[in-house]
Amino acid sequence: MARQNGSSAAESTLKKRLEQLVNSHPVILFMKGNPEEPRCGFSRRVVDILKQEGVEFGSFDILTDNEVREGLKKFSNWPTFPQLYCKGELLGGCDIVIAMHESGELKDVLKEHNIPLRQQGSKIEEPVMSESANEQSPEAIGLTEAQKARLESLTNSNPVMIFIKGSPEEPKCGFSGKVVHILKQEKIPFSSFDILSDDEVRQGLKVLSNWPSYPQVYIKGELVGGSDIVMEMHKSGELKKVLTEKGIIRRESLEDRLEALISSSPVMLFMKGNPDNPRCGFSSKVVNALKGAGISFGSFDILSDEEVRQGLKTYSNWPTFPQLYYKSELMGGCDIVLELEKSGELKATLSE
């Protein structure tokens, strides 16, 4: 009961913090990086739109605080970033903001909420015009209409398009190799362009995307980012979520997801917290038993995903946590693991 109260208190504290953050500015953007240095193409696009609309806005870099990053997904029931809020209410992510901007609805919504908009010609508008020049006047930034058209045609030539050094079979740099490996690991269909083979594309794309290095990854013509961002999105699971939202890969069922998680490691523990910081005594006991037996294992924090938490109870027909799986078969919970440890059979059972 004390542990449950502690967990509940922590969740309540986080909720209050998130409520304070989303209300800290009339318009606030939760993004990767900051407005001066966005760390992903989607964040960069929303920043450009807000500046173009003449909106003063606050921002929060979700890469600096994982508690906020994961908590906000549940708080907003929105799985990806960026997330744009107006007067504490979620407007949506990149696709929705783009659609609202293009239809004029974004300006209407901001006016309805009495958000002041800078008039064109004021100080804040001058750099915005220059930042959006790649859309309005390619000549002003050194691209002809023909060059811009060619680059846009290339970035849109496949739903997932990567501009790399070399080819997927023979990457010419480590960063390109890492991106190719991730996309193949995720079984994501993609096309590629070797920027070493065409210097006009190599230099022009830096201007068009306002991104100075390679590789560059595009999803449906929108820049996602480079190697670091793709690796980070892959690690957090956000890459697959974005691709699912864009209709590039099919949305996996909960059962598919649970089976993938269960089989992700020969010995897999679903627990509260993580092995370094268990969030309940039963999870802590199982972790200690596995470590004491010298057994390597994967883990999943069921507190971080309510869908997995509830789904696994039905899937396994086991109502509590932790749950330990070996070769995708449920071994049991805390009591069973401790019995096996006490009898000296734990290591042998998980090594058969």
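1. This is a predicted model, and I begin with strand 9 (residues 216-219), where Gln216 and Tyr218 point one way while Val217 and Ile219 point the other way, although all of them are buried.

2. Strand 9 has two pairings to consider. With strand 7 (residues 160-164) it pairs in the antiparallel sense over 4 bridges, and within that pairing phenylalanine 163 has glutamine 216 of strand 9 as its bridge partner. Strand 9 also pairs with strand 10 (residues 222-225), again in the antiparallel sense, over 3 bridges, and here tyrosine 218 has leucine 223 of strand 10 as its bridge partner. Strand 9 and strand 10 form a hairpin with 2 residues between them, and lysine 220 in the turn has a positive phi of about 50°.

3. A separate point concerns an open sheet of 4 strands, which has the order 4-1-5-6 and mixed pairing. Its edge strands are strand 4 (58-61) and strand 6 (89-92), each of which pairs on one side only, and the twist from one strand to the next averages 25°.

4. Within that order, strand 5 (residues 83-86) and strand 6 run antiparallel and are joined by 3 bridges, with glycine 92 in strand 6 as the bridge partner of leucine 84. Helix 3 (residues 66-76) packs on the sheet and touches strand 1 (27-31), strand 4, strand 5 and strand 6, its direction making about 60° with that of strand 5.

5. Turning to charged side chains, a search of the whole structure finds 16 salt bridges. In one of them, the side chains of arginine 17 and aspartate 65 meet at 2.8 Å, N to O; the pair links distant parts of the chain, with arginine 17 in helix 1 (residues 2-22) and aspartate 65 in the loop between strand 4 and helix 3, 48 residues apart. Arginine 17 is partly exposed, at a relative accessible area of 29%, whereas aspartate 65 is buried, at 16%.

6. Lysine 32 forms a salt bridge with glutamate 238, the closest N and O atoms being 3.1 Å apart. Lysine 32 lies in the loop between strand 1 and strand 2 (33-34) and glutamate 238 in helix 12 (residues 238-245), so that this pair, 206 residues apart, also links distant parts of the chain. Both lysine 32 and glutamate 238 are buried.

7. Lysine 148 forms a salt bridge with glutamate 152, with 2.8 Å between the closest N and O atoms. Both residues lie in helix 8 (residues 145-155), 4 residues apart, which is about one turn of the helix. Lysine 148 counts as buried at 11% relative accessibility, while glutamate 152 counts as partly exposed at 33%.

How values were computed. Residues are numbered from 1 along each chain as its sequence is written. This is a predicted model: local features need pLDDT of at least 70, side-chain atom pairs count only at pLDDT 80 or more; totals for chains, interfaces and linings use all residues. Side-chain values use heavy atoms; hydrogens and water are left out. Buried means under 20% relative accessible area, exposed over 50%, partly exposed in between (1.4 Å probe, protein chains only). Two strands pair if DSSP finds at least two bridges between them. Axes are lines fitted to C-alpha atoms, for helices over the stretch in contact, and angles run from 0 to 180 degrees between N-to-C directions. Contact means heavy atoms within 4.5 Å. A salt bridge is a side-chain nitrogen of Lys or Arg within 4 Å of a carboxyl oxygen of Asp or Glu.
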